[in-house]
Number of protein chains: 2
Amino acid sequence: MTKLTGENRIVQFLLDRYGIKSPAIRKGIGDDAAVIQPRNADEYMLLTTDMLLEGIDFRQEWTTPRQLGFKSIAVNISDLAAMGARPRFFTVSLAIPSGITERWIREFYSGLTEPNSAKGALLIGGDLSYSKNGIMISITALGESTNRRVLYRSGGRPGDLLYVTGILGKSAAGLNLRETGCIRPRSRSQKEAIRAHHLPEARCEAGKWLAQSGLVHCMMDLSDGISMDLPRMCAASGVSAEIRLDKIPIFPESRMWNCDPLELALHGGEDYELLFAVPKTKRQLLEMNYPSGFTKITPRGEMIRGEGTVWVVESGKRRRRLSELGYDHFRS
Amino acid sequence: MTKLTGENRIVQFLLDRYGIKSPAIRKGIGDDAAVIQPRNADEYMLLTTDMLLEGIDFRQEWTTPRQLGFKSIAVNISDLAAMGARPRFFTVSLAIPSGITERWIREFYSGLTEPNSAKGALLIGGDLSYSKNGIMISITALGESTNRRVLYRSGGRPGDLLYVTGILGKSAAGLNLRETGCIRPRSRSQKEAIRAHHLPEARCEAGKWLAQSGLVHCMMDLSDGISMDLPRMCAASGVSAEIRLDKIPIFPESRMWNCDPLELALHGGEDYELLFAVPKTKRQLLEMNYPSGFTKITPRGEMIRGEGTVWVVESGKRRRRLSELGYDHFRS
């Protein structure tokens, strides 16, 4: 009896065994969200679920109940944004140890239901339980497609340009501040990093625009770091990728508290930015039409022939394999 | 700052604050499942979520991974059955401590996906996480209405007869065997009780038939014991109820291992039978047409004017209030 060595391996087992078995399932296990087709409905429904555990995903000392609620729903909504869906509804399972006050619960639910966290999704149910071992949160969010246009992780082709929204490594820089005992952020950039860590906002508007544009081959959200997530997109698309280190959108201010911004951008995780691939022929069309109110985008790399490997290109150096150093729950 | 004293109170707070806010929500917080209406779809979608925690809801020593998977999905499917819905899809969030083997996971998922546990619902996604504190399972199940006929907890009226499917207290008798150290059940009735505890089957066929019949005013499933669940149905319907002790369908065999069958039937929980109310004028129609292949039903009590109180009637005695002695996660 072997012990589990990686989350990807379990997901692969589940995919092999419990893959799509019904025409009502457009997408099952293995993407950011499942896509189903209710009978005679105009649109697809998208379903995603994410769990947050005290001591693993958060610490009570570092977060307020409002921040915890905010982040718990935001990470689920991000999965819907990554497929271009409109958030509609969500349910919350919450297990709490004795000692949690009614005020804590009120603030938690208040964070869950803010416009910037839930992005329009309405709370419709859940489950409550007593816990002997810390707080546990499990959320399921439902989204709806627009004109049945949904983007998957698969669909990328060799030659596609790789884009990301926003900046990478900011959330990890905020986590670093917490880990090194920074209780009150002093500078503006420290506040920004802490905010990115506790109050991430799903890129719903950009996700929807990109899905509707017809210019994008595939998309996903960056939750575990580009070094973990890009290989997943490559594997789903049956390609490899090259990323250019000088093009990675880093958060340079984190150098001031002794972080390596590039390291955090590649392996940090929890940025909840969008990663997407666009054919080279559509580059101009994309960059001309992409709304100026959204985060600026430029190509960060491209997809190449191969079998799921991500290469790092640095000027004046030989290309190297980007080892998978992002966060994997099942790696010790 | 007060400590929480009851699950019902938290649910009431959520209901007051996050009640229905959209015409797409037919039913939100506070019933067995939420009921939503996808755009232009023929049918409603129903959504329910339930959490199972090691040390609270189960112990690893007492259950095999297959049994655990079976029960985890069955308790969710039971919520759909209680509204008359057809189970369609489900997602699973699973957090496991190190030391859980790949074989354990395979068997857990095998229990999750059996015909008698999932009742046709297909696994479409989920989340995996490492846990420092035991196994945690959170499942969200989706069902579909038939002809938009859905039964709620509300809708019962004074004079309605109260029915339950099957026998009550069998699962609690099985739990009692486990708690008193019975590793291998000896008699047929012990095996039956253990089976009821570990492998409960949602009453989907009966639930669907009852919803389609047009004879039923309201329905719910019995998960926390009739002494906890009936007051919830009464409160939702704005009535009180009287139950006749001699009519409660008990599991008398549990006397052989020193249980009080009536006590377990009233307060035991985890039977996952259906509780429903039918107007007196429809009694004959119901009992004549109810399929003979389903568990036999006879009236166990009736709804009366009042505000959510459940009274117990025993021949030759004054009626008494049925104190709420079922399982409440938040009562110490």
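Q: Quick one to start: how many salt bridges are there between chain A and chain B?
A: Two, where a salt bridge is a side-chain nitrogen of Lys or Arg within 4 Å of a carboxyl oxygen of Asp or Glu. Bear in mind that this is a predicted model, in which local features need pLDDT of at least 70 and side-chain atom pairs count only at pLDDT 80 or more, while totals for chains, interfaces and linings use all residues. Residues are numbered from 1 along each chain as its sequence is written, chains are lettered from A and ligands numbered from 1 in the order in which they are written, and side-chain values use heavy atoms, with hydrogens and water left out.

Q: Which side chain does A:R39 meet in a salt bridge?
A: That of B:E144, at 2.9 Å from N to O. A:R39 also shows up with A:I124 and A:L128 as the residues of chain A that lose the most area to chain B, together 10% of what that side buries.

Q: And what area is buried between chain A and chain B?
A: About 6,500 Å², with carbon and sulfur atoms giving 67% of it. Buried area here is the accessible area (1.4 Å probe) that two parts lose on being put together, summed over both.

Q: How many residues does the contact take from each chain?
A: 71 from chain A and 71 from chain B, with contact meaning heavy atoms within 4.5 Å. The copies meet through the same surface, because 100% of the interface residues of chain A are also interface residues in chain B.

Q: Switching to rings: which residues share an aromatic cluster with A:Y18?
A: B:W104, B:F108 and B:Y109. Rings of Phe, Tyr and Trp (its six-membered ring) pair if their centres lie within 6.5 Å; planes under 30 degrees apart count as stacked, over 60 as edge-to-face and the rest as tilted.

Q: How do the rings of B:F108 and B:Y109 sit, stacked or edge-to-face?
A: Edge-to-face, because their planes are at 90 degrees, with the centres 5.6 Å apart.
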